[in-house]
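Work through the exercises below with the sequence and the model in view. Try each task before reading its solution.

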Amino acid sequence: MLKDDNCFYCEDGEKRKSLMIEICKFEKSTLYLNRDQKHLGRVVLKYHEHKTDPSELTPEENQKFFSELACVAKAIMELFHPDKINYAIYGDGVPHLHVHIVPKYKDGLHWGGPFLDTCEKKLLSDNEYEELIAKFKQALGK
């Protein structure tokens, strides 16, 4: 598997673990629960190999990765009933292909604009994280 030793996601070290918790692996990606849950159900889906953009994937890899993304979105809709899901692929700060998947609610935080990480974090207890992870695993059949 293609890796970059200087990559936040490839090294899978303490910094990554301080920000997100692994939920499960798919064929082409890994799903993480953000520790900051100010947007209930916020997750990140990262591509396994070190790629920096969807354009670097073969058509088959692209189809599989975005199919996995759609499965995650469907689980979020079933579990949390958001009014909309925001998807963000940046990479200028962390150049590894990953998608922020952020449920949004009308009259809720950041509705009508992009989600922001500038306001206060909402951290949960270990039990609450475990419950969310269990819900995701059940909804995803993992």
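**Exercise 1: the pocket**

Three elements, α1 (8-11), α2 (14-19) and β5 (98-104), each supply at least two residues of the lining of the largest pocket. Helices (H or I, at least four residues) and strands (E, at least two) are DSSP runs, numbered from the N terminus. The model is a predicted one: local features need pLDDT of at least 70, side-chain atom pairs count only at pLDDT 80 or more, and totals for chains, interfaces and linings use all residues. Residues are numbered from 1 along each chain as its sequence is written, and side-chain values use heavy atoms, with hydrogens and water left out.

Task: state which element gives the largest share of the lining, and sort the lining by class.

Step 1. A pocket is an open set of points on a 1 Å grid over the protein atoms alone, where a 1.4 Å probe fits, with protein on both sides within 12 Å along at least five of seven lines; lining residues have an atom within 4 Å of a point.

Step 2. The volume of the largest pocket is about 470 Å³. Its lining has 22 residues, and L19, N34, R42, H100 and D117 are the closest to the centre.

Step 3. The largest share, 3 residues, comes from α2.

Step 4. By class, the lining has 9 nonpolar, 6 polar and 7 charged residues.

**Exercise 2: a serine in a strand**

Task: find S29, decide whether S29 is buried or exposed, and name the side chain it joins by a polar contact.

Step 1. S29 lies in strand β2 (residues 29-34).

Step 2. Its relative accessible area is 0%, so S29 is buried (under 20%; exposed is over 50%, partly exposed in between; 1.4 Å probe, protein chains only).

Step 3. The side chains of S29 and E68 are joined by a polar contact of 2.6 Å. Such a contact is a pair of N or O atoms within 3.5 Å; within protein, one must be able to donate a hydrogen and the other to accept it, and residues adjacent in sequence count only if both atoms are side-chain atoms.

**Exercise 3: aromatic rings**

Task: describe how Y9 and Y32 pair.

Step 1. The structure holds 5 aromatic pairs. Rings of Phe, Tyr and Trp (its six-membered ring) pair if their centres lie within 6.5 Å; planes under 30 degrees apart count as stacked, over 60 as edge-to-face and the rest as tilted.

Step 2. Y9 and Y32 are 6.2 Å apart centre to centre, with 35 degrees between the planes, a tilted pair.

Step 3. Y9 lies in helix α1 and Y32 in strand β2, so the pair ties together parts 23 residues apart in sequence.

Definitions and conventions. Grid points are joined across faces, edges and corners, and a volume is the space filled by probe spheres set on the points. Ala, Val, Leu, Ile, Met, Phe, Trp, Tyr, Cys and Pro count as nonpolar, Asp, Glu, Lys and Arg as charged, and the others, Gly among them, as polar.
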